[in-house]
Amino acid sequence: MIYFEYTFDHAYANVKANTHVAAAAWDPKNHLAFRVNGTAHLHEDDDFAKKALEGSNLDHADVVVIDIEQIFALA
């Protein structure tokens, strides 16, 4: 799972402090929601981040890749 961290706020500080993470996502159109637990890898201004951010509208963001270890349905 990948997401762009552009707020550099609370979630960013948590990922930097502890790579064991939980993230929730939802699909409102299909009424699906899930939570994943896994290990986060933070990419800051490296080649991977630059490639992942190509074509986005973000001026600056880090890229977080989560190796998913568990998935839980929420809805």
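The following questions and answers concern a predicted model. Local features need pLDDT of at least 70, side-chain atom pairs count only at pLDDT 80 or more, and totals for chains, interfaces and linings use all residues. Residues are numbered from 1 along each chain as its sequence is written, and side-chain values use heavy atoms, with hydrogens and water left out.

Me: Is phenylalanine 8 buried, partly exposed or exposed?

Reply: Phenylalanine 8 lies in the loop between β1 and α1 (10-17). Buried means under 20% relative accessible area, exposed over 50%, and partly exposed in between (1.4 Å probe, protein chains only). Because its relative accessibility is 31%, phenylalanine 8 is classed as partly exposed.

Me: What is the phi of aspartate 45?

Reply: Aspartate 45 sits in the loop between β3 (32-43) and α2 (47-53). Most residues other than glycine have a negative phi. Aspartate 45 is not a glycine, yet its phi is positive, at about 55°.

Me: What percentage of the contacts with a separation of 6 or more is between residues 24 or more positions apart?

Reply: A contact means heavy atoms within 4.5 Å. Among contacts in the protein with a separation of 6 or more, the share from residues 24 or more positions apart is 62%.

Technical notes: Helix = DSSP H or I, 4+ residues; strand = E, 2+ residues; numbered from the N terminus.
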